[in-house]
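Morning, everyone. I have one structure to walk through today, so please bring it up on your screens.

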Amino acid sequence: MILGKINTFYSKIALAIIASFVLVGILLLSLALQLTRSYQQEVEQKLHLELAEHIAHDDALLKNGKIDKEALEHAFHSMMILGPSFEFYILDPEGVVTTYSADPGKVKRDKVDLVPVRDLIDGAVMLPVLGDDPRSSSNKKIFSAAPIHHDDQLIGYLYIIIGGEIYDNVVDLLQKSHIVKISFWGLVAILLFVGCAMLLFFSLITRPLRRLAGDMQSFKSRGFEQGELELSQWQSTAQDEVSRLGVTFQEMASTLKKQYQKVKNTDELRRELISYVSHDLRTPLASLQGYLETWQLKNHELSPEQNEKIIQTAINNSTQISHLIEQLFELAHLEGDDVILHREPVAVAELIQDLFQKLHIEDGRKLALDVTPKDPSLLVMADIEKLERLLTNLLDNAVRHCKDGGRIQVVLTRVDGGVNISVEDSGIGIPDEEIAHIFEPHFRATNSVKSKGRNSGLGLAITRRLVELHQSVISVQSRLGEGTRFSFTLSS
């Protein structure tokens, strides 16, 4: 669990920030301490720069051209009054330590490099100037120095270490310097504040990324079978990259779910079609086979009229099978995503009048057919072949359910941006509880009129799909025993 939390993007950023601030903090503290120490050394060396010269001038350190040890001891005793932070050494002209104020055994270096000593005396370099610390074999410290002359001859040097053992390490520096303490803790406080601010800042920045990761995980775990996906609400107007990714993912998830549902519905539809096909084809195939077998066995015993009747019945059954298969292929094709419409201006009133001439009315019924208004200027943008197909389906459906003397009327109405087309009949109507199902493949109303061969129950399903391809919606109103009206709108 802990490892999983550390592996998150925000945790990695947080750890990187903490590590960076710790490293930067150490570097800054080291630099601050180094600068503070260097500044303190520069100030102290400036303050005591002429200390050695004053002592060498005020005290008679020479006697007969040599160092007077009694005078030197008296001078060391006087100089100790300045405090334990000063260490005093006498160097010969070669830099060898000849006398010192330290306790015996503490001096570990018997010779001091004279280059920094001469540079300090000559003023040739910037302060602070560090010289060898006789108490250490490698350390260097600030110092004050003055030459000791006799008759213009160099006898040696008075070499004073400033600071002694009191500032030998950082801990001592922190303990003894109030300014260093304030600087140290101030810098620590600043680093902590900036670090916390950066963590908060990155938390706010990565919040959309965490939301997006949560959405993806939810999408992965829930899939398509568990209802609506509960995704974050992303603002489509957001400009940052993560929010745009969130919007894109949300749209992609929605599209995938719609496509999945469409594939699922198509699969269910195909299963139903297979079931219906097996059922609808079974009857005409059995009839066709039966009549052909009868004709094969008894054609020599039957009269020409009987033979003609059997052959005609077989042909009717084969025609019905062919028509059903054509409609099944047509519906399957229309349900695909590769249907292309070739739109062109169509004079819809003239098209409907042409379709009236092609209608097949069985049983010699007389029906009144009319289109209102008969205005050739009423144009719609449509695929003329598919428009003819859907109007033919609606007119065939109306003819099939109208009794002798009935009326079929197509009403054209100009609407904003298009033409509304209503196909009305005075037929038997549709029961209210069945209106919602009439566009389903193979659905037949309980009071549907059975025709001689061509009605497969797919006509209205094909019609609805053709209307949808024209970016419209077909609606139906019906009253039982009074008639039905189908209507849709096409753009002009």
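Predicted model: local features only at pLDDT ≥ 70, side-chain atom pairs only at ≥ 80, totals over all residues.

Let me start with a strand pair. Strand β12, residues 418-425, and strand β14, residues 483-491, run antiparallel and are joined by 8 bridges.

Now widen the view. β12 and β14 belong to an open sheet of 5 strands. The order is β9-β11-β12-β14-β13, and the pairing is mixed. Which strands are at the edge? They are β9, residues 368-372, and β13, residues 475-479. Each of these pairs on one side only. How far are neighbouring strands of this sheet turned against each other? By 15° on average, with direction ignored.

There is a helix here too. Helix α11, residues 384-400, lies across β11, β12 and β14. Strand β11 spans 407-415. The helix runs at about 170° to β14.

On to the other sheet. An open sheet of 5 strands has the order β4-β3-β7-β6-β5. Its pairing is antiparallel. The edge strands are β4, 97-100, and β5, 130-132, each pairing on one side only. In this sheet, neighbouring strands are turned by 40° against each other on average, again ignoring direction.

Look inside that sheet. Strand β3, residues 86-91, is joined to β7, residues 153-162, by 6 bridges, and the two run antiparallel. Within this pair, Y89 stands opposite Y159 in β7. Helix α5, residues 114-122, packs on the sheet. What does α5 touch? Strands β3, β5, β6 and β7, with β6 covering 140-150. The direction of α5 makes about 75° with that of β6.

Next, the surface. L15, I18, V22 and I26 make a nonpolar patch of about 360 Å². Take V22, which is found in helix α2, residues 9-47. Is V22 buried, partly exposed or exposed? V22 has a relative accessible area of 47%, so it counts as partly exposed.

Last, the whole chain. It has 12 helices and 14 strands. Of its 492 residues, 37% are buried. Among contacts with a separation of 6 or more, 64% are between residues 24 or more positions apart. The accessible surface comes to about 29600 Å², and 57% of that belongs to carbon and sulfur atoms.

That is my tour. Over to you.

Notes:
Residues numbered from 1 in each chain as written. Heavy atoms only, no water. Patch = residues over 30% accessible without salt bridge, like charges linked within 9 Å, V, L, I, M, F, W, Y side chains within 5 Å. Areas by Shrake-Rupley, 256 points an atom, 1.4 Å probe, with all protein chains shown as cover. Salt bridge = Lys/Arg side-chain N within 4 Å of Asp/Glu carboxyl O. Helix = DSSP H or I, 4+ residues; strand = E, 2+ residues; numbered from the N terminus. Buried < 20%, exposed > 50% of the residue type's maximum accessible area, 1.4 Å probe, protein only. Pairing = 2+ DSSP bridges. Axes fitted to C-alpha atoms, helices over the stretch in contact; angles between N-to-C directions. Contact = heavy atoms within 4.5 Å.
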